[in-house]
Amino acid sequence: MSRGPQEGALAIIADDEELGRLLLAESAAATGLKVLAFDNGVAALEACLSQDVAVILLDVDMPGMDGYSVCRRLRAESRLATVPIVMVTGHEDAAAINLAFEAGATDFISKPVNWALLPRRIEYILRNAAAARALDERVTQVHTLIEALPDTLWVVAPDGNIQWSPNAGTMERGAAASGGRHERSAELAPPERLPDVLAAIRATARDGLQRNLEYREEGSSGVRRSFELRFSRREGGDVVVVRQDTSERTAAAEHIERLAYFDPLTELANRQRCIETAENLFAEAAQLQQSVAIIYLDLNSFKRVNDTFGHSVGDAVLRTVAGKLSRTLDSFQTAGAHLSVARFGGDEFVILLRHATARELAMAIADACCTKLKEPIEYRGLEFFSGPSIGVAVYPDDGEDVATVLKHADTAMYHAKTGATGSVATYTAAMSSRLRDWLDLESRLRRAVQQDRLQLQFQPKFRLRDNGLAGVEALLRWCDEEHGDISPTRFIEIAEDSGLIIDMGSWVVRAACRQLRLWMNKGWMVPVAVNVSAKELLHGDPAKVVEAEAAAAGVPASLIEIEITESLLVKDSTAVRSALERLRQLGCRIALDDFGTGYSSLAYITRFPPDRIKIDKAFVNEVDRSASDGAVASAILSLGKSLNLVVTAEGIERSGQLEWLRARGCDEVQGFLLSRPLSAQELENRYLADPHAAADRQQEGVPEAARAAGSLRPIRR
């Protein structure tokens, strides 16, 4: 006979008849059970209470305590609540059967017993008992899980009536359908969302598809919470509705979205959100037959704020600008249109406008932003002026996609930055052509610097006291293979804008030092002046460059003169003064170029006195003809003598200028009258070679007015 899973478990039998007790024991043993048999109910009860038992078989009629009493007593023990109890009785009337089940019996067996089938009957009872226990454990687990979850669950009828909820009280769980069900359906969602919820229930009951619905509501504490309802149909047609509090998840998602799509400094939309918004606006505009304007705004001279006062001040300025832009846009908001602003990066902002007359409205907005941002920005007692340059491009006129229109708005902004059209420029096709030319030249210039395809020319400076050569000014020249000679004004502007000016400045110093080495090898000590830009002093390290290149070429750094503009010295920044001090420690002389054209102040000259000041040619042009220009030049000459500075006049093109300056004690002069910029070889041939040959060439090639200056003397070691 087969053995079931109950093998080794205990069966307790109670029957006052010995034969019946014996046969019951054999039947139980046949299923693999161990058996304890008793002839009375009391002993059987004690055994059951003290041991783990798999099944109990009780005769109804026993002395002392009948089977009904034993059964009731056993069911009072929670440990034995699910143990199968089988009543063996000779009574077949309904009353006896009812008494057995009321006492807690699992099953009953009528006498006379079919002993051949009894083992199978016991196995069946044991299997049912095991399944009942497993189901009860499963139900307990489910209830435990439901109680542990923060979700709320309802089972509702297709009409929205709540049938049952494990989260409700016992009476509500088992309550029959009643007229109050319609009122209870309000538990599912706030009143304004309840129609949507009921519609979702009906649809799910009809087609069986799962659905989701989200909503928010404000709690009693004033805190807004978010919820998600999930709908699924179960057998029988009812719908299970699960409500989950998604407040934390929603808050986390919103936080992630803010990190991904918003600028933490200004709290404006960032570049990514701006681009995605623009793509949506372009699609909407195509359907609505409208236009989308992109207004590209860049703050002028903002980098100077960061460099001078630090990024914390720069951040405060950006926050103020963002606030001003937002408030300016508020006055242009109109129904049916879209208007938003984003921080595109650094000091750049982008305004998006979708409107039927987007171009005209965009220009009005750009002008308003321009006016607002030209006002001073105050921060901790400081005032900052950082007016914008603004470019405007419009979809679909200026491009069919976001990338193109953004590029064209950026192009227009750079055009506005040149000052050619004021602070605001609208895109035209010609701008792209100019920008392509600019970028092409920038690329060519970069290669020219890297591949050593630039040239230096040298313009002589002459002493008026002895007509000797005082030195030369190194002037950078670029002859491109395709475009030919490029104006220094143009390629230096490109270098300044692209940041290439620092590498270019290093190239000039390197080339000058190498040329000095060649001249020194021939016995000529020629001081060479090189121009250093503001960006080189503020963001580069010219002293390090001069020191390294002079050492590499084997020339004294004292032969290098550094020319800076007056306006750069007036900035009086720590970086500028520190860089100039390091250059002077190397032995370099400092010349103040274009003197008189900047914001002249004796305070700056005395705080960091240069070695030389150069009178700008603007005052030299009419110095012998204009009383005012003569007065300025005389004042500069007097200042130079008072401070013991060398004064050089540049731009000498007429003999009248030369004689006027000589008569008033000017130290040095340079200009086309005396010599145009020369190549190194030309300079050697004309001024550095044998004095007699140089004098002959002077008489042949130098104008009469220049010859009046006397024989020019070559510089020798």
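1. Start with Asn467. In this predicted model, Asn467 counts as buried, because its relative accessibility is 16% and the cut-off for buried is under 20%. Asn467 sits in a loop. Strand S18 (455-463) is on one side of that loop and strand S19 (469-480) is on the other. The backbone deserves a look here: phi of Asn467 is positive, about 60°, although the residue is not a glycine.

2. Now turn to Asn644. Is Asn644 buried or exposed? Asn644 is exposed, because its relative accessible area is 69% and exposed means over 50%. Asn644 also has a positive phi of about 60°, and it is not a glycine. The loop that holds Asn644 runs between helix H24 (627-642) and strand S25 (646-650). Why flag such residues? Most residues other than glycine have a negative phi.

3. Check two peptide bonds next. Most peptide bonds are trans. The bond from Lys111 to Pro112 is cis, with omega near 0°. Pro112 lies in the loop between strand S5 (107-110) and helix H5 (118-148). The bond from Tyr395 to Pro396 is cis as well, with omega near 5°. Tyr395 is the end of strand S16 (388-395), and Pro396 lies in the loop between that strand and helix H14 (402-417).

4. Pro396 leads on to Gln290. Which residues does Gln290 touch, leaving aside those up to four places away in sequence? They are Ala285, Gly336, Arg354, His355, Ala356 and Pro396. Gln290 itself belongs to the loop between helix H10 (271-288) and strand S11 (291-299). Gln290 is buried, because its relative accessible area is 18%, against a cut-off of under 20%. The side chain of Gln290 also makes a polar contact of 2.8 Å with the side chain of Arg354.

5. Glu187 is in the loop between helix H7 (181-184) and helix H8 (194-207). At 36% relative accessibility, Glu187 counts as partly exposed. Beyond residues up to four places away in sequence, Glu187 touches Trp154, Ile162 and Arg243. How far apart are Glu187 and Trp154 in sequence and in space? They are separated by 33 residues in sequence and by 9.6 Å from C-alpha to C-alpha. Their side chains make a polar contact of 3.3 Å.

6. Helix H12 (residues 311-330) packs with helix H13 (residues 358-373). The angle is about 140°, and the axes are 10 Å apart. That makes H12 oblique to H13, because only angles over 145 degrees count as roughly antiparallel. The crossing is right-handed. From H12, the residues in the contact are Val321, Lys324, Leu325, Thr328 and Leu329. From H13, they are Ile365, Ala368, Cys369, Lys372 and Leu373. What kinds of residue make up this contact of H12 with H13? Seven are nonpolar, one is polar and two are charged.

Notes. Residues are numbered from 1 along each chain as its sequence is written. This is a predicted model: local features need pLDDT of at least 70, side-chain atom pairs count only at pLDDT 80 or more; totals for chains, interfaces and linings use all residues. Side-chain values use heavy atoms; hydrogens and water are left out. Helices (H or I, at least four residues) and strands (E, at least two) are DSSP runs, numbered from the N terminus. Buried means under 20% relative accessible area, exposed over 50%, partly exposed in between (1.4 Å probe, protein chains only). Axes are lines fitted to C-alpha atoms, for helices over the stretch in contact, and angles run from 0 to 180 degrees between N-to-C directions. Angles under 35 degrees count as roughly parallel, over 145 as roughly antiparallel, 65 to 115 as roughly perpendicular and the rest as oblique. A crossing is left-handed if the near helix is turned anticlockwise from the far one by less than a right angle, and right-handed if clockwise. Contact means heavy atoms within 4.5 Å. Ala, Val, Leu, Ile, Met, Phe, Trp, Tyr, Cys and Pro count as nonpolar, Asp, Glu, Lys and Arg as charged, and the others, Gly among them, as polar. A polar contact is a pair of N or O atoms within 3.5 Å; within protein, one must be able to donate a hydrogen and the other to accept it, and residues adjacent in sequence count only if both atoms are side-chain atoms.
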